[in-house]
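Please examine the sequence and the structure shown below. The briefing that follows describes how some of its parts pair with and cover one another.

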Amino acid sequence: MASSSSSQHAGMFPIRRRELKLGIKGVELKLCRRTRTSADSRFNPPHFVYTISCSWSGETIPRNPHAGSLSPRTMGPQSLRSPRSPRLDDIEGELGKTIGGFGEPCEWWSSLPQNYTIKRKWRDIVILHASLKHELAYDPFLNYRRIKGKVPKLPDPADVDTWLRCYAATGDACAHLRKPEEILGKDTYAGYDELGELHWMYCNNRLAPFFQEVNKVLEEVPTEVLASSLALRRFAALGVTGRRPRSTLPIHSPFLGPSLPVMPEKSDLARAAAAMIRSRSQGALTDKKLPADRGKS
């Protein structure tokens with residue numbers, strides 16, 4: 001009954017569309033890290049983290065605080081290979097029938113900010129591309145294409161070994177964070193310069209054209225399909241906090257999320273007490289005027 005009522009509600013009120021524009025801001029190489037626990041040790045190999053910009057058209061609507069989580073947790077397969085693997089066609093073949101899927105159409109983008117950045121790994125970009133190819137641009141149930149354009153080809157992943165050699169030449173694990181004035185005059189300036197060229201070529205020659213073509217595909221996909229796509233929602237909204245309505249409490253909490261009761265400032269207490277006294281006095285004056293008004297009438 002709940003699903004049927006929600007579908008009828010979605011049919012009565014059309015979904016307000018917001019256009020999404022994706023872009024690449026930068027790429028960061030996370031070096032290997034070993035974590036030891038009481039049970040065993042865990043080794044994280046080097047991997048890339050992509051900083052992606054998201055721009056939405058239209059205005060942002062504050063979301064209902066009782067509506068639950070804004071972004072669903074990732075439910076895709078966790079058996080993806082590292083960015084070193086060149087067998088991307090095999091990965092897309094595995095994801096074509098299992099990733100994403102569709103849920104109940106809803107305006108999950110209504111409370112998202114107009115501009116923000118997200119950090120994603122290579123497997124997230126692979127999942128987004130597979131969703132565009134097998135779910136958004138192509139209807140797997142009716143067996144027809146939804147768009148006239150062409151789905152872009154997934155770019156090749158960056159070579160981790162080449163980036164590691166550049167980091168080793170600089171001798172700096174945070175080489176990508178250094179400003180130009182910090183590296184001028186150093187003996188390892190050539191390593192910093194080579195790392196900067198690798199970053200510029202990978203972002204501008206591979207990733208930037210890819211996301212431009214992805215934006216063209218998203219423009220052609222129907223609104224109902226975008227509103228029900230779980231893969232797109234995970235990619236664009238996972239880890240993003242939507243705009244919340246303004247608090248009506250007399251004393252605003254300086255913390256985000258659930259917090260323990262704390263002693264507010266004296267100025268906040270005085271302001272809240274003055275507001276409470278003012279509201280009570282107005283209510284008392286209104287009650288005193290009521291009998292007189294009724295007698296006149």
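In β4 (47-56), Trp 56 is the bridge partner of Leu 20. The strands β1 (20-30) and β4 pair in the antiparallel sense over ten bridges; two strands pair if DSSP finds at least two bridges between them. This is a predicted model, in which local features need pLDDT of at least 70, side-chain atom pairs count only at pLDDT 80 or more, and totals for chains, interfaces and linings use all residues. Residues are numbered from 1 along each chain as its sequence is written, and side-chain values use heavy atoms, with hydrogens and water left out.

**Strands**
- Helices (H or I, at least four residues) and strands (E, at least two) are DSSP runs, numbered from the N terminus.
- β4 and β5 (residues 115-121) run antiparallel and are joined by seven bridges.
- Within β5, Thr 117 is the bridge partner of Ser 53.
- Eight of the ten residues of β4 are buried (under 20% relative accessible area; exposed means over 50%, partly exposed in between, with a 1.4 Å probe and protein chains only).

**Helix α4 and its cover**
- The buried residues of α4 (residues 160-170) are Val 160, Trp 163, Cys 166, Tyr 167 and Thr 170.
- They lie on the same side of α4 because they cover an arc of only 125° around the axis, taken from the directions from the helix axis to the C-beta atoms.
- Arg 165 and Ala 168, on the other side of α4, are exposed.
- The cover over the buried residues of α4 includes β1, β4 and α6 (189-220).

**Ends of α4**
- Asp 159 caps the N-terminal end, with a side-chain oxygen 3.3 Å from the backbone nitrogen of Asp 161.
- Gly 171, which follows α4, has a positive phi near 70°.

Note on methods
Contact means heavy atoms within 4.5 Å. A polar contact is a pair of N or O atoms within 3.5 Å; within protein, one must be able to donate a hydrogen and the other to accept it, and residues adjacent in sequence count only if both atoms are side-chain atoms.
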